[in-house]
Amino acid sequence: MLVPAAVLVLLVLGAICVDSAVVFLAQRDLANRTAAAANDIAGFAVSDSAFYERSGVVTLDDERADAYVRLAFPAEAPPGGYDAWNADADAAGDSVTVAAEAQVRSIFAKAIPGGARSTTVRARSTARARPG
């Protein structure tokens with residue numbers, strides 16, 4: 001008598017585990033993407049004056065950092081599994097911080113009454129440009 005109920009409970013618990021894993025992997029993916037973008041910006045967005053003057057002081061260009069983030073995180077084309085995402089870069093001196101937020105689609109939770117259709121994940125990474 002209780003075996004069908006136990007099977008149903010195990011299926012629901014399995015669905016929750018799958019959705020939790022999807023959210024965790026999406027958060028790790030977003031963290032990897034922000035780290036890669038921050039690293040690329042630290043090498044790409046060096047201001048022209050700091051590069052050509054060779055004063056030993058490296059500064060990053062905030063406009064170039066923002067342009068790179070728009071290319072790396074296109075709002076109109078989030079990768080599979082994400083409903084939407086956005087990112088922002090903040091370049092100050094020789095360091096840049098990339099912060100991103102994304103909506104991750106649930107696989108099974110939308111079939112469970114009261115389950116969330118999506119979950120918000122966030123990531124932030126910082127990189128520093130060094131002379132030499």
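Tutor: β1 and strand β2 (residues 95-105) pair in the antiparallel sense over ten bridges. Pairing needs at least two DSSP bridges between two strands. Strands (E, at least two residues) and helices (H or I, at least four) are DSSP runs, numbered from the N terminus.

Student: Which residue is the bridge partner of alanine 84 in β2?
Tutor: Glutamine 103.

Student: Before we go on, where does the model come from?
Tutor: This is a predicted model, where local features need pLDDT of at least 70, side-chain atom pairs count only at pLDDT 80 or more, and totals for chains, interfaces and linings use all residues. Residues are numbered from 1 along each chain as its sequence is written, and side-chain values use heavy atoms, with hydrogens and water left out.

Student: OK, what's the strand order in the sheet?
Tutor: β1-β2-β3, in an open sheet of three strands with antiparallel pairing. β1 (82-92) and β3 (118-128) each have a single partner strand, so one side of each lacks a neighbour in the sheet.

Student: Switching to helices. Which residues of α1 meet α3?
Tutor: Ala37, Asp40, Ile41 and Phe44. On α3, they meet Arg64, Ala65, Tyr68 and Val69. Contact means heavy atoms within 4.5 Å.

Student: And how do the axes of α1 and α3 cross?
Tutor: They come within 10 Å and cross at roughly 140°. That makes α1 oblique to α3. Angles under 35 degrees are roughly parallel, over 145 roughly antiparallel, 65 to 115 roughly perpendicular, and the rest oblique. Axes are lines fitted to C-alpha atoms, for helices over the stretch in contact, with angles from 0 to 180 degrees between N-to-C directions.
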